Amino acid sequence: MRADGHAPGRSTPDSQDARGLLRRCAGDVVDVAEGIRAVSARTSTALFAPPLTAAARRRPRTGLVARWALLRAVMHQRGLGGAGNTTRQGMGQVLGAAGAVLGRESLAALVAVTSLRLRIAAVLAEHPEFARDPGMRRLAQAVTADRDPAAVRSLRALFRDREAQRALSGLAPLLAELPAVRTLLDEDPKNDETGRAGEGAAEAVELADQERQFIATEGSFLGFLRNIEALSTGGRILVQNVRGPDGVVRYVVQAPGLAPGHPRNDSPQDAAGAWRTPFTTDSPYIRSVLLALADYGIPRGADLALIGHGEGGLAMLNLAQDEEFCDTYRVTHVVSVGCPVGDRRPADPRTWAAGITNQHDIMPVQDGRDASSAYDPHAKSVPAGQSDPHAQHDPHARSAPRPNRYEVDYAGPTREFPLCHMLREYIEHLRTVVPEAREAVDEALTPYRGPIVRTRAYRLKDRAHPPEGHPFLTLPTGSVPTTAGPVDVPVRYYDSSAAHLCYPVAADTARALLPDVPWLAPSRLGRRAFAVLSLHEHRCSTIGPYAEIALSVLVDDLWRPRPYDIAADLLRRPDLRRTGRYVLSLAVTSEEARVVAREIWGQPAQRTTAEADLTGRKIDVRSRDLGLTVEGRIGPGVRCPQADRVRYGRRGESTVRTLVRTHGRPRLHPGTGVRLRLDTAAAEPLAGQLRRLGLDTARPLFVVACPQFLAHRSAGAVLPR
């Protein structure tokens with residue numbers, strides 16, 4: 001408890017009021033912008049209306065003056081002016097093109113930028129750690145341009161860039177604001193991406209053998225959640241038959257949410273689509289779910305339970321509001337984890353709706369209700385037509401219970417985002433922190449407590465978009481079992497930044513750091529070897545988002561080393577290169593990345609905390625756990641070949657060779673402006689190796705930087721060396 005009487009990490013009422021005020025102001029400003037756009041549309045329609053045109057011909061003296069006044073109101077920079085206000089036909093299209101050439105922006109667009117600035121201020125006031133988020137950085141750079149018109153143009157470019165949309169998808173508190181602002185910034189009012197988002201599709205897919213081991217064979221609340229966790233990275237849903245205690249077969253639909261940093265390929269639930277296409281009953285995601293249920297063959301009138309996490313829970317709640325769907329099936333239960341029920345009312349009043357949220361999880365904010373204003377953490381469901389006699393006397397209750405409604409908002413021990421939103425954290429909290437919530441939902445789901453008699457998974461697709469990373473990342477994959485679960489290889493990176501700092505080092509020192517085997521020798525240029533400190537910021541990959549710090553030494557061909565082969569390798573195809581980089585130390589910020597590096601690539605990975613910003617001309621990477629800081633500005637550079645490379649590691653008595661292919665625009669920069677610093681208590685083994693190589697007192701000879709690229713890393717090939 002702090003001195004002011006508030007728990008550590010919890011916001012004070014004054015700060016909550018400030019955030020609420022900023023959010024309400026942002027909403028009001030968006031309403032104003034939408035009103036301005038509506039006035040602009042009506043004014044431009046009146047400008048070219050046939051009655052006004054005929055009146056201008058009959059009475060030119062007054063008619064032309066009226067048309068000129070309307071034209072100035074629509075186009076002048078002190079009026080509604082800009083390219084976004086005119087109609088897209090006839091003379092209106094000509095005037096719109098003229099406004100675009102003159103660089104004018106509509107008043108509605110400028111007001112929309114103001115709303116977004118207010119919303120960003122509210123988010124940063126509540127979660128200052130978001131200032132380090134890649135999506136927030138891009139968004140802040142766009143809205144803080146020197147002038148409002150420049151900010152509008154920057155935002156338009158940002159919304160059109162699918163790679164940027166993927167980074168923006170992590171900004172859950174802004175999901176409700178971004179679609180409205182994007183619409184107001186759209187130069188063509190008829191150009192609505194939501195309406196073109198695709199028809200949706202569903203394809204039945206087989207589960208991998210390792211996935212089948214995690215699929216529950218008995219119906220239970222935690223069992224259904226573990227099923228969702230097993231499917232959370234594949235853009236799939238699960239449909240199961242459950243034989244209840246009364247012998248009746250019922251059906252359960254289980255929908256994963258968006259796993260931050262995981263691509264969804266061509267799914268309508270992909271990362272970019274999370275904010276681009278709102279979950280309505282007519283969205284491609286909902287249409288894909290309906291197609292999956294039709295293919296599964298659920299009989300009309302059957303009992304159906306809908307369970308989802310995050311965006312999947314939001315989709316299930318919206319599906320339960322669809323009257324036609326509820327006329328087809330009897331939706332008995334809808335349960336959302338990481339997404340509150342809020343004010344949504346299922347179309348069938350008999351439907352039991354439950355929402356479970358962590359107060360530190362910011363994803364529930366996307367539906368417009370702050371998680372911190374949620375319901376009683378120990379709420380009890382109330383049957384329809386009854387009231388809780390103790391509700392008026394409970395001093396801890398935050399809201400009156402609602403019929404057929406159960407909501408829990410608890411303060412979990414995990415505060416870090418996105419970790420606090422991950423389903424595995426919710427599952428653990430339901431076991432240890434709020435077991436009464438698990439018991440209450442299990443009791444409500446009693447008709448679904450029984451053996452699973454049929455299971456089928458469906459991959460949801462959006463026909464309007466090609467697969468993520470097409471064509472570079474469209475390649476055959478396979479599943480490799482690890483202690484963290486199955487991993488698809490090659491591992492694909494859809495949105496990454498990197499900086500490779502290259503240092504000449506003493507060859508004898510480099511050789512002493514390599515494993516004690518005769519066939520591993522550092523590559524030499526003259527009497528010097530080369531060490532590379534590689535810094536990566538992976539914002540979206542098939543193993544999730546993470547930062548990576550790797551120290552490696554360039555090594556010769558393991559069988560036939562040749563002088564200056566390192567230079568000749570630059571002319572060879574990456575898969576034919578004989579030299580490579582042996583990874584001495586690797587630090588990553590996620591457990592899944594650590595397991596993959598150790599078990600698949602044979603690299604000595606450790607998990608740590610780190611913050612990386614490599615998207616601009618300034619390098620800024622910090623890790624308190626490692627005691628390492630790399631910062632500085634990179635000067636002018638020149639284009640260089642793709643940074644494809646071969647990485648070596650060790651697994652047991654064998655060497656593991658991994659091929660890394662990249663696609664971006666790398667540039668070669670002088671390294672004079674970049675500096676590596678180590679704290680006195682810097683963590684081993686990385687710090688010790690850096691000091692032995694002398695990198696803590698040296699500046700890199702050159703830096704290869706790429707602010708945005710695609711990449712894929714193959715499975716490690718075990719070599720008999």
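Which residues in α13 meet Gly312, Ala315, Met316 and Leu319 in α14? They are Tyr285, Ile286, Val289 and Leu290, where meeting means contact, with heavy atoms within 4.5 Å. The structure is a predicted model, in which local features need pLDDT of at least 70 and side-chain atom pairs count only at pLDDT 80 or more, while totals for chains, interfaces and linings use all residues. Residues are numbered from 1 along each chain as its sequence is written, and side-chain values use heavy atoms, with hydrogens and water left out.

Helix α13 spans residues 284–296 and helix α14 residues 311–320; their axes come within 10 Å and cross at roughly 75 degrees. That makes α13 roughly perpendicular to α14, a label for angles of 65 to 115 degrees. The contact of α13 with α14 has seven nonpolar residues, one polar and no charged. Here Ala, Val, Leu, Ile, Met, Phe, Trp, Tyr, Cys and Pro count as nonpolar, Asp, Glu, Lys and Arg as charged, and the others, Gly among them, as polar. Axes are lines fitted to C-alpha atoms, over the stretch in contact for helices, and angles between N-to-C directions run from 0 to 180 degrees. Helices (H or I, at least four residues) and strands (E, at least two) are DSSP runs, numbered from the N terminus.

Leu430, Arg431 and Thr432 of α16 and Pro435, Ala437 and Arg438 of α17 make the contact, giving three nonpolar, one polar and two charged residues.

Aromatic rings come next. The count is five aromatic pairs, taking rings of Phe, Tyr and Trp (its six-membered ring) whose centres lie within 6.5 Å. In one of them, tyrosine 410 and tyrosine 426 have ring centres 6.3 Å apart and planes at 85 degrees, so the pair is edge-to-face, the label for planes over 60 degrees apart. Tyrosine 410 sits in strand β7 (residues 405–410) and tyrosine 426 in helix α16, so the pair ties together parts that are 16 residues apart in sequence.

Among the residues that line the largest cavity are His500, His663, Cys706 and Phe709, and β11, β22 (654–664) and β25 each supply at least two. On a 1 Å grid over the protein atoms alone, a cavity is a set of points where a 1.4 Å probe fits but cannot get out, and a pocket is an open set with protein on both sides within 12 Å along at least five of seven lines; lining residues have an atom within 4 Å of a point.

Finally, some backbone details. The peptide bond from histidine 470 to proline 471 is cis, with omega near 5 degrees, and proline 471 lies in the loop between β8 (452–461) and β9 (478–480). Tyrosine 564 has a positive phi of about 60 degrees although it is not a glycine.

How values were computed. Angles under 35 degrees count as roughly parallel, over 145 as roughly antiparallel, 65 to 115 as roughly perpendicular and the rest as oblique. Rings of Phe, Tyr and Trp (its six-membered ring) pair if their centres lie within 6.5 Å; planes under 30 degrees apart count as stacked, over 60 as edge-to-face and the rest as tilted.
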